[in-house]
Amino acid sequence: MVKDQLRGIDHVGIVVQDLAASIDWYVEKLDFRVLHRFGFPGASVAFVGLGTLRLELLQVEGAAPAAAARLDRRANLRLGGINHLAIGVIDIEAVIADLAAKGVEIASAPAEVPGSGGDRFAFILDGEGMLIELYQRAS
């Protein structure tokens, strides 16, 4: 029954230290648009998106910044929980070139996923240092 009701991931929530700066980063660097904003006691929230991809950015009073280990790619692999956000792209080389020209930090250059038949990936860092994977499927 449940499997018949699930439709896919609706959005990903990301706690940020500076909501305005995070909105600006996603809008300026990834061409997202602000979908809507709201707040509740102790928090300011914005949904940003592009196509079917939606992110919920939350600035919450007293929230700690990302742990140093979370910002270190090698250490991040040893932490439990969600490791990164992956966004599908059509032409990874073109996307990386465009993002580099916009000043986005490229964490790892495009490479082929072993045993994938030609899928490729690269990593960038968002404005707060969170890993975002760009993923190009071979087919």
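Predicted model: local features only at pLDDT ≥ 70, side-chain atom pairs only at ≥ 80, totals over all residues.
## Basis

Local features need pLDDT of at least 70 and side-chain atom pairs count only at pLDDT 80 or more, while totals for chains, interfaces and linings use all residues. Residues are numbered from 1 along each chain as its sequence is written, and side-chain values use heavy atoms, with hydrogens and water left out.

## Secondary structure and overall form

The protein chain contains five helices and eight strands. Helices (H or I, at least four residues) and strands (E, at least two) are DSSP runs numbered from the N terminus. Their order from the N terminus is α-β-α-β-β-β-α-α-β-α-β-β-β.

Along the principal axes, the C-alpha atoms fill a box of roughly 50 × 45 × 30 Å. Among contacts (heavy atoms within 4.5 Å) with a separation of 6 or more, 45% join residues 24 or more positions apart.

## Surface and charge

The protein chain exposes about 8,700 Å², of which carbon and sulfur atoms supply 55%. Accessible areas come from the Shrake-Rupley method with a 1.4 Å probe. Buried residues make up 32% of the 139 residues, where buried means under 20% relative accessible area (1.4 Å probe, protein chains only).

There are 13 positive and 18 negative side chains, and the centres of the two sets lie 4 Å apart. Lys and Arg count as positive and Asp and Glu as negative; His and the chain ends are not counted. Each charge is placed at NZ of Lys, CZ of Arg, CG of Asp or CD of Glu.

## Nonpolar core

A nonpolar core is a set of buried Ala, Val, Leu, Ile, Met, Phe, Trp, Tyr and Cys residues joined through side-chain atoms within 4.5 Å. The largest one has 23 residues, of which Tyr 26, Leu 30, Leu 57, Ile 124 and Leu 134 touch the most other members. The elements giving two or more residues to this core include α2 (19-30), α5 (92-101), β7 (120-125) and β8 (131-136). The most, five residues, come from α2.

## Leu 99 and Ile 124

Leu 99 is found in helix α5 and counts as buried because its relative accessibility is 2%. Leaving aside neighbours within four places in sequence, Leu 99 is in contact with Lys 29, Leu 30, Val 104, Ile 124 and Leu 134. Lys 29 is 70 residues from Leu 99 in sequence, yet their C-alpha atoms are 6.6 Å apart.

With the neighbours within four places in sequence again left aside, the contacts of Ile 124 include Trp 25, Leu 30, Ile 96, Leu 99, Met 130 and Leu 134.

Note on methods:
Buried < 20%, exposed > 50% of the residue type's maximum accessible area, 1.4 Å probe, protein only.
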